[in-house]
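Open the model in a viewer and keep the sequence panel beside it. The tour below goes from one selection to the next and says what is found at each stop.

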Amino acid sequence: MKVYQRVALFLFVIAADSVVADGDTKQRFFQPDGEVWVTFYDLPSRRFRRIRDAFLIRNFDAAAADLVVAKNYIGVEANRADERLAPDILDVVDSMEHLASRLHEPTVTVGDFDPLFARAHWLLSQHYLLQAMAARDQNDLKLAGWNLHACAHHMERSALWSNARISVGLVSSLDEIRALGNRMLDSPGSRWVDTNQPIVKAAKTLRRLGKELNRPVKASTRSKD
C-alpha cells in the first residue's frame with residue numbers, strides 16, 4: 001500500500017473510532033473490508049459486486065470466498081434482527097452458503113445472483129429501518145441517523161439488483177431520506193425530528209418501493225410517531 005493510502009486509511013480509522021465512541025453506541029459504524037474501512041451497511045454491497053465480477057471471469061474461488069464473507073456479515077445482522085425478519089434473513093444466509101459451494105457447477109449462472117442479492121438488500125432495508133426506530137425511541141438520534149442511511153442504501157440496492165426501473169418520485173424520496181439521515185447525525189435534536197418525522201417518511205418509502213418491486217414488507221414498519 002502506498003504511503004498516501006496508508007495515511008488516508010489511518011485518518012479514516014481514527015474518524016471511525018471517534019464516531020463509535022460518540023454517544024457510547026453499541027453499533028460499529030465502520031468496519032474493515034480488506035485494506036479499506038467502509039460504512040457498516042456497505043460491506044455486502046461491495047462484496048456482491050465483486051462476486052458477480054469474479055464469476056463472470058470464471059474466478060470461482062474468489063467469488064465463493066466473497067460469498068462467504070457476505071454470508072457471515074448478514075448472519076451477524078440476522079442474530080440481532082427482529083424475530084419477524086430473522087428467519088428470512090437466515091434463509092438468505094443458507095442460500096448464499098449453498099451457492100458458494102456450487103459455483104464450479106455448470107448449472108450455476110450469473111442469473112442465480114441477482115434475485116438472491118435483491119432479496120438480501122430488501123430484508124436488510126427493513127432490518128435497518130426497525131433499528132432506526134428502536135434507536136429513535138431510545139433517543140439515540142445519531143444511531144437512528146446511521147441506520148436511516150443504511151435503510152436508504154439497501155432500498156436502492158434492492159431495486160438495482162431487481163433490475164427494476166423505479167419511479168422518479170421514489171428516487172427523490174431516497175435522496176430525501178439520506179439528507180434527513182445526515183441532519184440527524186449533524187443535529188440530533190428531538191424537536192426537528194418530531195416535526196419532520198424522517199423515520200415515518202422512510203417507512204412510507206419502503207412500503208411504496210415494496211409495491212413497485214412486488215415485494216412484501218415482512219415486519220411491521222408502522223411508526224410510533
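Start by selecting Glu-156, which is partly exposed, with a relative accessible area of 27%; buried means under 20% relative accessible area, exposed over 50%, and partly exposed in between, with a 1.4 Å probe and protein chains only. The model is a predicted one, in which local features need pLDDT of at least 70 and side-chain atom pairs count only at pLDDT 80 or more, while totals for chains, interfaces and linings use all residues. Residues are numbered from 1 along each chain as its sequence is written, and side-chain values use heavy atoms, with hydrogens and water left out.

**Stop 1: the salt bridge at Glu-156**

Glu-156 forms a salt bridge with Arg-178, and the closest N and O atoms are 3.0 Å apart. A salt bridge here is a side-chain nitrogen of Lys or Arg within 4 Å of a carboxyl oxygen of Asp or Glu. Helices (H or I, at least four residues) and strands (E, at least two) are DSSP runs, numbered from the N terminus.

**Stop 2: α6 against α7**

Select residues 141-161 for helix α6 and residues 168-186 for helix α7. The two helices pack at an angle of about 160 degrees, with their axes 8 Å apart. Axes are lines fitted to C-alpha atoms, for helices over the stretch in contact, and angles run from 0 to 180 degrees between N-to-C directions. α6 and α7 are therefore roughly antiparallel to each other; angles under 35 degrees count as roughly parallel, over 145 as roughly antiparallel, 65 to 115 as roughly perpendicular and the rest as oblique.

α6 passes α7 in a left-handed crossing. A crossing is left-handed if the near helix is turned anticlockwise from the far one by less than a right angle, and right-handed if clockwise.

On α6, the residues involved include Leu-141, Trp-146, Leu-148, His-149, Met-155 and Glu-156. On α7, they include Leu-174, Ile-177, Arg-178, Leu-180, Met-184 and Leu-185. The residues of this contact of α6 with α7 divide into 11 nonpolar, 5 polar and 3 charged. Ala, Val, Leu, Ile, Met, Phe, Trp, Tyr, Cys and Pro count as nonpolar, Asp, Glu, Lys and Arg as charged, and the others, Gly among them, as polar.

**Stop 3: α4 against α5**

Move to helix α4, residues 86-100, and helix α5, residues 113-137. The axes of α4 and α5 come within 10 Å and cross at roughly 150 degrees. α4 and α5 are therefore roughly antiparallel to each other, and α4 passes α5 in a left-handed crossing. The contact draws on residues including Ile-89, Val-92, Met-96 and Leu-99 of α4 and Phe-113, Leu-116, Phe-117 and Leu-123 of α5. Its residues divide into 9 nonpolar, 2 polar and 3 charged.

While on α4, pick Leu-90, which counts as partly exposed at 38% relative accessibility. Leu-90 and Val-76 are 14 residues apart in sequence and 9.7 Å apart in space, C-alpha to C-alpha.

On α5, pick Gln-131. Gln-131 is buried, with a relative accessible area of 19%. Which residues does Gln-131 touch, not counting residues up to four places away in sequence? They are Arg-80 and Asn-147.

**Stop 4**

Select Arg-52 in helix α2 and Asp-114 in helix α5, 62 residues apart. They form a salt bridge, with the closest N and O atoms 3.5 Å apart. Arg-52 counts as partly exposed at 27% relative accessibility, and Asp-114 as buried at 12%.

Next select Asp-66 and Arg-50, another salt bridge, with the closest N and O atoms 3.4 Å apart. Asp-66 is in helix α3 (residues 60-79) and Arg-50 in helix α2 (residues 43-56), 16 residues apart. Asp-66 counts as buried at 6% relative accessibility, while Arg-50 counts as partly exposed at 37%.

**Last stop: the whole chain**

Clear the selection and colour by secondary structure. The chain has 9 helices and 2 strands, in the order α-β-β-α-α-α-α-α-α-α-α along the sequence. The structure holds 13 salt bridges. Of the 225 residues in the chain, 48% are buried. Residues 24 or more positions apart account for 70% of the contacts in the chain with a separation of 6 or more.

How values were computed: Contact = heavy atoms within 4.5 Å.
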